[in-house]
Amino acid sequence: MIMRIPSKFSLTILLASVLLLSGCGDRGDGLGEAHDIGPEIEEHYATFKHIPPEWNERLASGEWSQEEFDEQVEHLPNFFRFASIEDLPSDLEWEDGMDLPEFGSPDAIKGGTSYGALQDFPRTLRHVGPDSNGSFRPMLLDDVTLGIAERHPNETDIGPKGFHHYPGLGKEWAIDLDSQTVYVRLNPEARWSDGEPVTADDFMFMFFFFHSPYIQAPWYNNQYAENFTGITRFDEHTIAIHVARAKPDLATRALGLRPISKHFFDELGPDFVQRYQWRFQPTTGPYVVREEDIRRGRSIALTRLEDWWAKDLKFWRYRFNYDRIQFNVIRDTSNMYESFRRGDLDKSGLVNLPEYWYDRLPDDHDLVRNGYIQKVQFYNEIPRPTYGLWINQAQPLLNNRDIRIGLHYATNFERVIAEYFRGDYERMRTTSDGYGDFSHPTLTARPFDVDKALEYFAKAGFERRGSDGILVNESGRRLSFTVTTGYRHFEDLLVILREEAARAGVDFRLDILDGTSGWKKIQEKNHEIAFTAFGTFPEMYPRYWETFHGVNAYDDPYLPDGSPNPDREVMVQTNNLVSMANPELDRMIDRYRRSDDVEEMRELAFAMEELIHEEGPFIPGWVQPFYRMAHWRWIRYPHDFNVKISSGAGQYFLDWLDPDIKAEVEQARREGRALEPGRVIYDQFRGD
């Protein structure tokens, strides 16, 4: 799909790029002179318009001429709108979510340092752009900043206006479903971490920022241009967000928006990636990264703001309790476990792995039996991460459906679940398990079956085994593929898959990298098969555009007749890891994104899953209906441990350090005295 941007904006960007490349002065740090973004902001505010996707389709198909298209665009309202407070509708029904229950614990103690570990150092502090979507980003953005309002994590039923929300940056809001608009009154006390107030202008600038090609983030460019039709500024603290489609989660789409500090990005320009690579941008949340706490390749720390503006507000006051969170880089998993066992680390998620839960830290381990370390198993209720094999169809042989389906039958996740996961997990069925009525009711993953694998490989010309048992075709090419991953802790799992694939005549060459390097290689589409997973959010329905639409696979995927464009080039830095470009699927995805009818969306979701299953770009792995963690006794949690839609123990920052209990544990260890043992299973949210 072509995203048409009014030509004045594009021209401004082009001229700015030319000026930069033609010789701005050097500041001595490898960057040119700071770019003045002010004129471009004014131009964009004055000219940018949301263009309905179907208009682009009419232009591309020839139904409309360029002149007809331009005439229609001329009559569209501007995206950025300015009004007075007197223009605010008087009949709005305002709500503030303050009647919802609090989920933090009033027993929480503020203070202390939490010690954690990273397997690899973050490649950037930027929230967007190349290399930004790493494992550390939740500590900078997702889990620690505030939207206008947040979905309540325990009250998960769906009301007439969608999910239930509690206040963040918004003091109150009003949802007008008929006009697809959410009106917001911002909390006038809201502040950025540098002390500047959060205002309507930061939300206006947010859209400019995410529309900008400077950030090198196509997903954001599309998301913020296509899914919103505009923003209105009434005064410094009153705005309206206009949503493109009246989908069931309309309110969440608007209320989940997080502003961008306009004053910080006043140098936004073509060198954005380098200029802001290691600059911590102001946050609305409680934690900052100080320059002196960045020790490249070794450690990084978060420091809590003493005067954080939301520290005494309901829903926020019992969270984010540590004064400091220190992360040291420990690349080796075994070394990380030993650091936890010594008490150098307070918590460990390694017990999610059966080897650690059952063998290395069993219930009869001295530290567990004596009550010094506590083990936790918590059942949550969320869409499941998409662990599995993502097949890059842009690579030779993998563009052959028979090869892909053969790989499905040659991949033995059943053995992985039975042996590696000790039977605790279940086989994933589709790309969208865990979405309730939106998950396909009957599709299942293809089972491991050597005979069927050989049947499909034979169709692709691989009928004879070589001396090593691996299939070869008539030209002598071996049926061999590299499996790339950034999950070092799953190496033994991949060895099982490699052994089983060899039985079906396939050679899986394992390419096991650190997390950041692995994800970078996969995002640049330099993989053949990726073993990875996308983290999921507790959304109402699954997404398909990011991972399966053709525009995220190739720069210009199709010729006018819908056939593959022979000159197309692979798109990098997108989440279409399988290079899927199927016109029929694209049309369904486009309909799905535009639809505001729940039943139609559900039918499309089922049809899309069936097509994806038929084409076979993704081999489903497993789902885990719970998570496990272990922590030293001095780390405390609320009485019910965590919230229903948490994906991990630390996501909502509900825990705290009790110095008295730490002293008690240390004394008990010196004396060889046992405390009450603790292994707890929290199953209050366990499904039937």
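Q: In which sense do β10 and strand β11 pair?
A: In this predicted model, local features need pLDDT of at least 70 and side-chain atom pairs count only at pLDDT 80 or more, while totals for chains, interfaces and linings use all residues. Residues are numbered from 1 along each chain as its sequence is written, and side-chain values use heavy atoms, leaving out hydrogens and water. Strands are DSSP runs of E, at least two residues, and helices are runs of H or I, at least four residues, both numbered from the N terminus; two strands pair if DSSP finds at least two bridges between them. Over 2 bridges, β10 and β11 (residues 299-304) pair in a sense that is antiparallel.

Q: Is Gln326 buried or exposed?
A: Gln326 is found in strand β12 (residues 324-329). Buried means under 20% relative accessible area, exposed over 50%, and partly exposed in between (1.4 Å probe, protein chains only). At a relative accessible area of 11%, Gln326 is buried.

Q: Why do the buried residues of α14 line one face of the helix?
A: In α14 (residues 413-420), the buried residues are Phe413, Val416, Ile417 and Tyr420. The arc is taken from the directions from the helix axis to the C-beta atoms. Seen down the axis, these residues line one face because they fall within an arc of 110°.
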